[in-house]
Amino acid sequence: MMMSKLTAINVPRKPGQHGFTLMELLVVLAILGLLMSLVGPRVLNSLGGAKTKTTGIQIKDLEQSLEMYKLDVGRFPTTEEGLAALVTKPGSVSGWNGPYLKSDVPLDPWNRAYHYKYPGEHGELDIFSYGQDGQAGGEGEDSDVGNWQ
């Protein structure tokens, strides 16, 4: 006489048939949901901080490229010439030995153009981004990031 194997809830299974019950899958999904509700906000906050740090790094790179431009041309680009002078020679400039960037002028992590002023209000020149909200001022991810900070 042959006896079939029974699972914990008395459902007969065929030999070699393995798997999870619906109840086991629901318990695992509930645990994953709880973990995401606890860990998710912290991960998103870290991601936001990464954009601000990336902005600072890009601004430092632009500042170094502007220094190389100044060594060749004898001055920084005017506000009107802007950061585009690092990629394309302004019409009346002599000594330009660019491009000073490997590609086009990058956008900030929020896909907006960096702002450039020469002479600057905070230093010899200002390079800055208005942050996530695109407005002057703000706190957290909305705060301004500039080469004077």
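Me: In what order do the 3 strands of the open sheet stand?
Reply: Strands here are DSSP runs of E, at least two residues, and helices are runs of H or I, at least four, numbered from the N terminus. Two strands pair if DSSP finds at least two bridges between them. Pairing in this open sheet is antiparallel, and the order is β1-β2-β3.

Me: Which strands stand at the edges?
Reply: Each edge strand has a single partner, so one side of each is left without a neighbour in the sheet. They are β1 (115-117) and β3 (145-146).

Me: What stands opposite Ser129 in β3?
Reply: This is a predicted model, where local features need pLDDT of at least 70, side-chain atom pairs count only at pLDDT 80 or more, and totals for chains, interfaces and linings use all residues. Residues are numbered from 1 along each chain as its sequence is written, and side-chain values use heavy atoms, without hydrogens and water. Strand β2 (residues 126-129) pairs with β3 in the antiparallel sense over 2 bridges. Opposite Ser129 stands Val145.

Me: Why is the pair of Tyr69 and Tyr100 edge-to-face?
Reply: Rings of Phe, Tyr and Trp (its six-membered ring) pair if their centres lie within 6.5 Å; planes under 30 degrees apart count as stacked, over 60 as edge-to-face and the rest as tilted. The centres of the Tyr69 and Tyr100 rings are 5.7 Å apart, and their planes stand at 65°, so the pair is edge-to-face.

Me: Are Tyr69 and Tyr100 buried or exposed?
Reply: Buried means under 20% relative accessible area, exposed over 50%, partly exposed in between (1.4 Å probe, protein chains only). Tyr69 lies in helix α1 and Tyr100 in the loop between α1 and β1, 31 residues apart. Both are buried.
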